[in-house]
Amino acid sequence: MTFTHSPADHPLLQGHEAEALRRAVEFARDGVAPGAAERDATEKGQVDWATVREGHRLGLLRMALPREMGGLGLSQLGIALTLEEIAAADPGMALVFGATGLFQTPLLVSGDAPLQERYLTPFLGDEPVLACNAVAEERNGTDLVLPQNAPHAQEMTTARRSGGEYLLNGTKKYITNAPFATYATVLANLDGSAGSTGLTCFVTELEQDGVTRGEVHD
């Protein structure tokens, strides 16, 4: 494996971003790489919580969250370089942090302050919280989010109004972090819309009735 970056390599990264990358390089080299082979040999569906906790201490579960919120406030470039370094040591561990960021992104884009307060604040606590982004399913890949593919989606997860809430019905597949995530952002098609033309993002708590975690793929 090769660790390719240092803060000096990237003049676009300055101040807090350069410092975050420096810490990520050290974490990847000293904290992630030594246990990579052992993690690969463990039973599927497990997560190395000790390493996740150390990454959480460095802010890797809140990279995209604004600094005024308590996050690292990294740019897309800063996040990409950080995850690249962790992936050089262990791609699976990089995905644990990256998939949690994918959950957070729709909430940040939404600009919905109450939603952000409820579902982003947990990532600022002392203990790590993991999350996932549920897009793919049995007959639809992640390409269903492209407008030109929306009419061709089949048997999509649906969202139907039920009083003041929505009832989601469907099965998602190949979702990174799903076995141990606390939250998910779920893409579902509004009931009555063709294909995935009514695609909408919903935030779901996974520890509740009606949610079943399926087979873990190797």
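How far is the sulfur of Cys-132 from the closest cysteine sulfur? The distance is 11 Å, to Cys-201, which is too far for a bond. A disulfide here is a pair of cysteine sulfur atoms within 2.5 Å, and a search of the whole structure finds zero of them. Cys-132 has 2% relative accessibility and so counts as buried, while Cys-201, at 34%, counts as partly exposed. Buried means under 20% relative accessible area, exposed over 50% and partly exposed in between, with a 1.4 Å probe and protein chains only.

A quick note on the model before the tour goes on. This is a predicted model, in which local features need pLDDT of at least 70 and side-chain atom pairs count only at pLDDT 80 or more, while totals for chains, interfaces and linings use all residues. Residues are numbered from 1 along each chain as its sequence is written, and side-chain values use heavy atoms, with hydrogens and water left out.

On a 1 Å grid over the protein atoms alone, a cavity is a set of points where a 1.4 Å probe fits but cannot get out; a pocket is an open set with protein on both sides within 12 Å along at least five of seven lines; lining residues have an atom within 4 Å of a point. Points are joined across faces, edges and corners, and a volume is the space filled by probe spheres set on them. The structure holds one cavity of 30 Å³ or more.

| Space | Volume | Lining by residue kind |
|---|---|---|
| Largest cavity | about 50 Å³ | seven nonpolar, one polar, one charged |
| Second largest pocket | about 200 Å³ | ten nonpolar, five polar, one charged |

In this count, Ala, Val, Leu, Ile, Met, Phe, Trp, Tyr, Cys and Pro are nonpolar, Asp, Glu, Lys and Arg are charged, and the others, Gly among them, are polar.

Helix 1 (residues 16-32) gives the largest share of the cavity lining, three residues. Helices (H or I, at least four residues) are DSSP runs, numbered from the N terminus. The cavity lining includes Ala-20, Arg-23, Ala-24 and Thr-82. Ala-20 and Ala-24 are also among the buried residues of helix 1, as are Leu-21 and Phe-27. The cover over the buried residues of this helix includes helix 2 (36-41), helix 3 (49-57), helix 4 and helix 5.

The second largest pocket has 16 lining residues, with Ile-79, Gly-98, Gly-101, Leu-102 and Thr-105 nearest its centre. Helix 5 supplies the largest share of that lining, eight residues. Helix 4 (76-89) and helix 5 (91-110) each supply at least two.

Terms used:
Contact = heavy atoms within 4.5 Å.
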